[in-house]
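Dear colleague,

Please find below the structure that I am handing over to you.

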Amino acid sequence: MKAIAIDDEPVALDIVRNHSAKVPFLNLVNTFTDAFKALEYLHKEQIDLIFLDIKMPDISGIEFFNSLNNKPLVIFTTAYSEHAVTSFELDAVDYLLKPFSLARFLKGCNKAHELFKSRNATEMPDYIFVKTGFEQLRIRFNDILFIEASGNYVSFVLEDKRVLSRATFSETTEYLPTDRFIRVHRSFMVNMTKIDKIEKHQITIKENKVPVSEAFAVNLSLVLLNKRR
């Protein structure tokens, strides 16, 4: 999902940036301390989700959102609880009361992602075409154990082989279903249905050891916990 954040406090935007960087399906493309500059941006760009502060000078977040003709999904962020009812009357995805934790932020993002997927639901293929050499090789998602990135190359690790493709990690992950694949390291993404064991700093998949970095460990635990519920 492409997202922006609007808040007149730079520190609050830093928090949203830091949290967003840990959410694999979220791409925070811009942030604004000036709501009117954000409005100008929205007239030019298509955005899926806005993190929107309510108490701002000149115009409130609620007034700002009401002014939009093509409304994206919205998560309100505020230090004041009295606007919760109004925000939900506007069909807000969530209402984050500052200061909010990464876990609470992720919960709101997961809700937004589910709504985003339902809005854009189409029958998705269960495979990806991967360019390797001069060929395009079809790989089923269920056959992928994990994906490893190295520079401008990506390795698709299957049970019986590795398929090397010239592509960036970000290009590759755009085509993978986020309900099955999760990033666990700056260079690794795993198929959650193939995980055999999770330890503090690594995952075991069919005797392969995949590192888990601290930056992604919390998100991994929360996503797996939500799947068990």
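Predicted model: local features only at pLDDT ≥ 70, side-chain atom pairs only at ≥ 80, totals over all residues.

Residues are numbered from 1 along each chain as its sequence is written, and side-chain values use heavy atoms, with hydrogens and water left out.

A salt bridge here is a side-chain nitrogen of Lys or Arg within 4 Å of a carboxyl oxygen of Asp or Glu. By this rule there are nine salt bridges.

One of them pairs Arg104 with Asp94, with 2.8 Å between the closest N and O atoms. Arg104 belongs to helix α5 (residues 102-119) and Asp94 to strand β5 (residues 94-97), so the pair ties together parts ten residues apart in sequence. Helices (H or I, at least four residues) and strands (E, at least two) are DSSP runs, numbered from the N terminus. Asp94 is buried at 3% relative accessibility, whereas Arg104 is partly exposed at 28%. Buried means under 20% relative accessible area, exposed over 50%, and partly exposed in between (1.4 Å probe, protein chains only).

Glu148 and Arg162 form another salt bridge, the closest N and O atoms being 3.3 Å apart. Because Glu148 lies in strand β8 (residues 144-150) and Arg162 in strand β10 (residues 162-166), this pair ties together parts that are 14 residues apart in sequence.

With kind regards
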